[in-house]
Structure formats: structure tokens, C-alpha cells
Amino acid sequence: MDNGVSSPSQVRKFLGGDPRVIAPLILGAVLTHHSEAGPVSVRLTEVEAYMGPRDSEHPDPGSHTFGGPTARNAPMFGPPGFLYVYFTYGMHYCANIVCGPDGSPSALLLRAGEIVDGDELAALRRPASKAHKDLASGPARLASALGLTTADTGRDALASPFSLWLPATPAAAVASGPRVGVAGPGGSTEYPWRFWIEDDPTVSKYKAARPRTRSAAG
């Protein structure tokens, strides 16, 4: 991690761009949460880009912002580098990093990663995981391993107790495809906004969404 970019101002400037451009470049970045229980760091291996409301320049029917601002999705309308954490299916937390200029909602859903520090703590938080590669393989697992909940939504991911190191060089092989678990148009091949490091064992398995009446991801 010592040869990557960690300056909060530089990282925030990077995150102020289009998440569809940022997504393949952020793969390999390391996000750390220094909680009271100790630090856990995850190297990002899979993310999904989400854009804005139906009346915006880049409408995204798969995004939580598609219907406009709400109390829940408010962080996505804020400045880049902040967390948007939501609760889903009555049991899971999922974490996003806000992108784009302040007031122009977009974000990256953190879908999967490799735990590179704090293995024991991550394993305590993920007792059902049978292998190291499974600890953060999926958005709910990643958020759980990092100890993230909705109490963290709206917090700055670039300031204590968090830090984000960008990779020194882009991932060698990046693939893209439809997003996971998003029903309707936002989950179609017209939105190939899921990006992952090819052949990385921590990348989650693709699953098509069941038909739903609202968007399934943030």
C-alpha cells in the first residue's frame, strides 16, 4: 500500500469524476476501517457504478437516486469520497463510495474484495465464511467484514477512522458486464457497469435479479 496514492485531496479529486470511468481504475484500491475492535483493510476487486435520477443528465433506473432525493439516499447527492451505506432484504448492509461533483449523485457499490489486513477480526465478523477468499466476496460480506452499518452512512471515507489508498497502477485485466441483483432495465446489458479484476478468486458470482418493483442496488 505504500506506493499508492493516499492524499485525501488527491483521492477526492479522483472520485469527483464519472463513476463509470473511475470504476475500472479503483480496482486494487485498499479501503481501511479503524474501528474500536481494530483495523480491517480490503483490496477492492469488484465494484458497480450507479448514476442519477430520471431527470438528470445520466438517468439510471438501477440507482437508488432514480426517483429523486430521499432521506436514505441523501449522501449520494453530496460531495465525493463519502460513504452511502444502506440496509437491504431486512438483514444486510451494503456500502458505496460517493462519486462525482457535489449535487450530482453517483456512487460505486463496493461489491467484493480481498482482506489484506485484519483477517482475524474480519473472520469474527464473518463466521459463516469457510475460506479467506469468501470473507468479502459480495457486497454484504464486504460491509460486514469492514464493520460497516447504516451508522456509517454519510461519513467521510477519506478521513479517520477510514482511509482509502488508490492503486499505483491500474489492474492488469479488468472485465465488465451487467450489474448483479438489479431488476428491470438497470440490470440489463445496456448497463454493463459492473467491473471486476479478471480471475480474482474473491469476485462474487453473477446472479440475475428476480423481478421487483424497485431498484435492487445503490
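**Group meeting: a walk through the model**

Okay, charges to start with: the protein carries 20 positive and 20 negative side chains, and the centres of the two sets sit 8 Å apart. Lys and Arg count as positive and Asp and Glu as negative, with His and the chain ends not counted; each charge is placed at NZ of Lys, CZ of Arg, CG of Asp or CD of Glu.

Before I go on, this is a predicted model, where local features need pLDDT of at least 70 and side-chain atom pairs count only at pLDDT 80 or more, while totals for chains, interfaces and linings use all residues. Residues are numbered from 1 along each chain as its sequence is written, and side-chain values use heavy atoms, with hydrogens and water left out.

Now the overall fold. We have 4 helices and 8 strands, taking DSSP runs of H or I with at least four residues as helices and E with at least two as strands, numbered from the N terminus. The order from the N terminus is α-α-β-β-β-β-β-α-α-β-β-β. The radius of gyration is 16 Å, close to the 17 Å from the globule rule for 218 residues, so the protein is as compact as a globular protein of that length. That radius is over C-alpha atoms, and the rule is 2.2 Å times the number of residues to the power 0.38.

Buried residues make up 50% of the 218; buried is under 20% relative accessible area, exposed is over 50%, and partly exposed is in between, with a 1.4 Å probe and protein chains only.

So, which residue did I want to zoom in on at 0% relative accessibility? Aspartate 60, which counts as buried because of that 0%. Aspartate 60 is in the loop between strand E2 (38–50) and strand E3 (83–88). A polar atom of its side chain lies 2.9 Å from the backbone nitrogen of glycine 62. Leaving aside neighbours within four places in sequence, the contacts of aspartate 60 (heavy atoms within 4.5 Å) include Tyr50, Phe66, Arg179, Tyr191 and Trp193.

Last, some backbone geometry to look at. Serine 160 and proline 161 are joined by a cis peptide bond, omega about 15°, and proline 161 is in the loop between helix H4 (139–146) and strand E6 (162–165). Tyrosine 89 isn't a glycine, but its phi is positive, near 55°; tyrosine 89 is in the loop between E3 and strand E4 (92–98). Aspartate 199 also has a positive phi, about 65°, in the segment after strand E8 (194–197). Aspartate 199 is exposed, at 80% relative accessible area.

Key
A polar contact is a pair of N or O atoms within 3.5 Å; within protein, one must be able to donate a hydrogen and the other to accept it, and residues adjacent in sequence count only if both atoms are side-chain atoms.
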